[in-house]
Amino acid sequence: QVQLVESGGGLVQAGGSLRLSCAASGSIFSINGMGWYRQTPGKQRELVAATTSGGGTNYADSVKGRFTISRDKAKNTMYLQMNSLKPEDTGVYFCNVDGYYKLSYQIFHSWGQGTQVTVSS
């Protein structure tokens, strides 16, 4: 089993910054992709940023130039640095991790519990 623990959400004024963290633990052989998704009421969960095991990154157009995704492979931890935050960035942010289980080498897809980010105008 794989557990994801998110932290770093909160309330911030427009123009401010927050840093989200997602730490993966458990029976992990290796991690492939890691990503952050955002969900707001009445809308589907949407990809905000993602990174691959090779270091490639992908961002939603709405956050390009403001958000930076990174990962510490040794710690199985992913970060999302969010700068110049806007009210429309408000939502619940979920981390998602894909990888292989230890011993069985089967694929896993895990979601974090979500962390609330609120940007006031």
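The model is predicted: local features need pLDDT of at least 70, side-chain atom pairs count only at pLDDT 80 or more, and totals for chains, interfaces and linings use all residues. Numbering starts from 1 along each chain as its sequence is written, and side-chain values use heavy atoms, without hydrogens or water.

**Overall build**

The protein has zero helices and eleven strands. Helices are DSSP runs of H or I with at least four residues, and strands are runs of E with at least two, numbered from the N terminus. Contact means heavy atoms within 4.5 Å. Among contacts with a separation of 6 or more, 57% join residues 24 or more positions apart.

| Property of the protein | Value |
|---|---|
| Radius of gyration, C-alpha atoms | 14 Å |
| C-alpha box along the principal axes | roughly 50 × 25 × 20 Å |

Of the 121 residues, 39% count as buried.

**Tyr 105**

Tyr 105 lies in the loop between strand 9 (91-101) and strand 10 (107-111). Is Tyr 105 buried, exposed or partly exposed? Tyr 105 counts as partly exposed because its relative accessibility is 48%. Buried means under 20% relative accessible area, exposed over 50%, and partly exposed in between (1.4 Å probe, protein chains only). Beyond its neighbours within four places in sequence, Tyr 105 contacts Phe 29 and Tyr 100. Ile 28 is 77 residues away in sequence, yet its C-alpha is 8.8 Å from that of Tyr 105.

Methods:
Rg over C-alpha atoms; globule rule 2.2 N^0.38 Å.
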